[in-house]
Amino acid sequence: MITPSQQLIELGHFAVMLALPVALLQALAPLLARVLRRPELATIAVRGAWLQLALAALGWAALTQAFVTDNFSVWYVAQNSNIALPLIYKISAVWGGHEGSLYLWYSILVSWTAGLAWYGRRAFPDRLPVALAVQGALSAGFLGLILFLSNPFARLLPVPVDGRDLNPLLQDPGMAIHPPMLYMGYVGFSIPFALVLTALLTRWPAEDWLPVVRRWALAAFGFLTIGIMLGGAWAYYELGWGGYWAWDPVENASFMPWLTGAALVHSLMVQEQRRLLHSWNLFLAILTFSLSLLGTFLVRSGVLSSVHAFAVDPGRGAYILAFLALVVGGAFAVLVWRGGAAQTSPRPTAWLSRETLLLGNNVLFTVAGACVFLGTLYPLFLDVTAEQKITVAAPYFNSVVVPQLLLLVLLMGFTPSLPWRRAQPQALWSRLKWPVLVAVSAGALTLALARPVSLLAAAAVAIAALAVATIAADLWRGGRGLAAAERRAWPVSLILNAWRVRRHYGALLAHFGVAVATVGLAAAGLFRQYSMVSMADGDVLELAGHRVELVSFGPASGPNYDAERAEFRLDDRVTLRSERRSYHASRMPTTESGIHSTALRDVYVVLGETRDGRHTVTAYVNPLVQWIWAGGALIGLGVLMCLSERPARRVA
């Protein structure tokens, strides 16, 4: 007898199959309208975008319902869930494996496409079908992979009584948020990609498409930033090694489009204000989405070994590589073909100006991205071409990329003080002398107080202090510019004034978030202390002025796992619990760290193996690590403020 759940999964499968011809028709609609000389046919692309969203939602509902109701007749459900799995993880298991993560990518893609259709119906109705056609072609490519090589709706006979399990490392609340946020950023860059291709193909004037591309690129960049931060937090809380970033190849796969995306949102501002960098922005928009697709290939082709990667068969990898080559090659071919046809007229600029620093910002972002690309892909290239296996690990990235990122933060600190076109050295120095003094003082204080002494930490703190001081100076100048009556109502008037020009102050808030995260990264990375010892009940570990006592050790259990739990007493005041878990279905062991956080430091305790009544315990003291997550949140809020304001008019 066919159950309602099985009927719904068949309906969802049929909806996704129907979405493929809809996507193809959406992609071909503008071409058909041109060939048949019937312009009204181009509107099929708009209807196709809405229909795809409805079909994708039906498929998503069916797949989610299959997980929630334990429908193990679906192969993907049987592989990634079981009866004892808590409900929140049954829902997040929808994207916890290869097939479901691809379907999440596709669902977010059609959601962004529908958003573009809604926005563009009034903003640029004549060119909207072409942009939607590009999105339709991308959808068709992913649907081909989903339906023919990675089908989450495939059936299983005989039907097992219970499923296997979701990877225990993914049974964490952060994994219910991190992948959707990351994919919102990844896939969101498809909108600037589609818009610049539309601009090239239809000779769309730059002054019309530029503010549209900037806003969509900024939204995607904000999502990607939050997604990366959440991924770092997940690694920190869940993996039990006391860190948040290891230059893992799959981490790098998301970091590369973040770097070029950051270059893009800053470069678009230069074009908007000074009519410069037109071709460069077209290139960056295409490159950023190309790197997002490259991340898909790296994670799902099976060429990488990572805790984040999905091991898949070579056929899937070959399909993704061919699709990547077709999309990227086609887009850059269009850029070469039409890229020089609609150049805006560049205007001369002085070397001491805001646009010059933003140009340097672009160069550094791009070079840093190239260095990450080289370090990530070179071992794979060498393995394929010369059958040599090498590892490019953290020392390379720390020595090559980190200095470039610090230099970027330094430029970020100077940029708000420089006007567009030309800065007068004397006026500039009057603005910068106090921020520079604050920066030098902060760096010197770090050298005097921090142990061990670290020039890199002092430089990072000084650069971050410069950024914060220039932001404070900007706020002070804004307060001075208020009328006398408004000054008496400070800070309310200042807040209202900031809201009136929230794009400017949103950028300052995002930059403040970068400065906060920079200090957190420097402190947690350079001054972390740890100790690994063998302990029995009543033993005490002393580290960095903290006293950690092992109080008790015993069995514990959860809804789908058994555990051994150690209870610790921190400084005779706070209780920490660390567990070593074994999950019933997979029998895979994991660790749960005991963490006590304050604004200044984290004490992080991990329970290891037990032998002869003694337990291996590793303790870390990570200074200022919470500043990293706070900085990420501030960046997200700053991006949201920027998006809430309408595009500013370009300076003539």
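The sections that follow treat the nonpolar cores, the salt bridges, an open sheet and the cysteines of this predicted model.

## Nonpolar cores

The largest nonpolar core comprises 134 residues. Within this core, Leu116, Phe193, Leu195 and Trp209 have the most contacts. Helix H9 gives the most to the core, contributing 15 residues. In soluble globular proteins, nonpolar side chains tend to be buried together.

The surroundings of leucine 195 can be described individually. Leaving aside residues up to four places away in sequence, leucine 195 touches Leu116, Phe124, Ala131, Trp204, Val212, Val213 and Trp216.

One of the pairs joins arginine 155 to glutamate 10, with the closest N and O atoms 2.2 Å apart. Arginine 155 belongs to the loop between helix H6 (128–148) and helix H7 (178–188), whereas glutamate 10 belongs to helix H1 (residues 4–35); the pair thus links distant parts of the chain, 145 residues apart. Arginine 155 is partly exposed, with 34% relative accessibility, and glutamate 10 is partly exposed at a relative accessible area of 41%.

A salt bridge is also formed by arginine 214 and glutamate 272, whose closest N and O atoms are 3.9 Å apart. Distant parts of the chain are again linked, with arginine 214 in helix H9 (residues 206–238) and glutamate 272 in helix H10 (residues 249–274), 58 residues apart. Are these two residues, arginine 214 and glutamate 272, buried or exposed? Both arginine 214 and glutamate 272 are buried.

## Salt bridges involving the strands

Arginine 614 and aspartate 539 form a salt bridge in which the closest N and O atoms are 3.1 Å apart. Because arginine 614 lies in strand E9 (residues 614–623) and aspartate 539 in the loop between strand E1 (529–535) and strand E2 (540–543), the pair ties together parts that are 75 residues apart in sequence. Arginine 614 has a relative accessible area of 36% and is therefore partly exposed; aspartate 539, at 26%, is partly exposed as well.

## An open sheet

Five strands make up an open sheet with the order E2-E3-E4-E5-E6 and antiparallel pairing. Its edge strands are E2 and strand E6 (589–592), each of which pairs on one side only. On average, neighbouring strands of the sheet are turned by 25° against each other, direction ignored.

Strand E5 (residues 574–583) and E6 run antiparallel and are joined by 4 bridges. Serine 582 has proline 589, in E6, as its bridge partner.

## Cysteines

How many disulfides does a search of the whole structure find? The search finds 0 disulfides. Cysteine 371 has a relative accessible area of 15% and is buried, because buried means under 20%. Cysteine 642 also counts as buried, with a relative accessibility of 8%.

Conventions
Residues are numbered from 1 along each chain as its sequence is written. This is a predicted model: local features need pLDDT of at least 70, side-chain atom pairs count only at pLDDT 80 or more; totals for chains, interfaces and linings use all residues. Side-chain values use heavy atoms; hydrogens and water are left out. A disulfide is a pair of cysteine sulfur atoms within 2.5 Å. Buried means under 20% relative accessible area, exposed over 50%, partly exposed in between (1.4 Å probe, protein chains only). A salt bridge is a side-chain nitrogen of Lys or Arg within 4 Å of a carboxyl oxygen of Asp or Glu. Helices (H or I, at least four residues) and strands (E, at least two) are DSSP runs, numbered from the N terminus. Two strands pair if DSSP finds at least two bridges between them. Axes are lines fitted to C-alpha atoms, for helices over the stretch in contact, and angles run from 0 to 180 degrees between N-to-C directions. A nonpolar core is a set of buried Ala, Val, Leu, Ile, Met, Phe, Trp, Tyr and Cys residues joined through side-chain atoms within 4.5 Å. Contact means heavy atoms within 4.5 Å.
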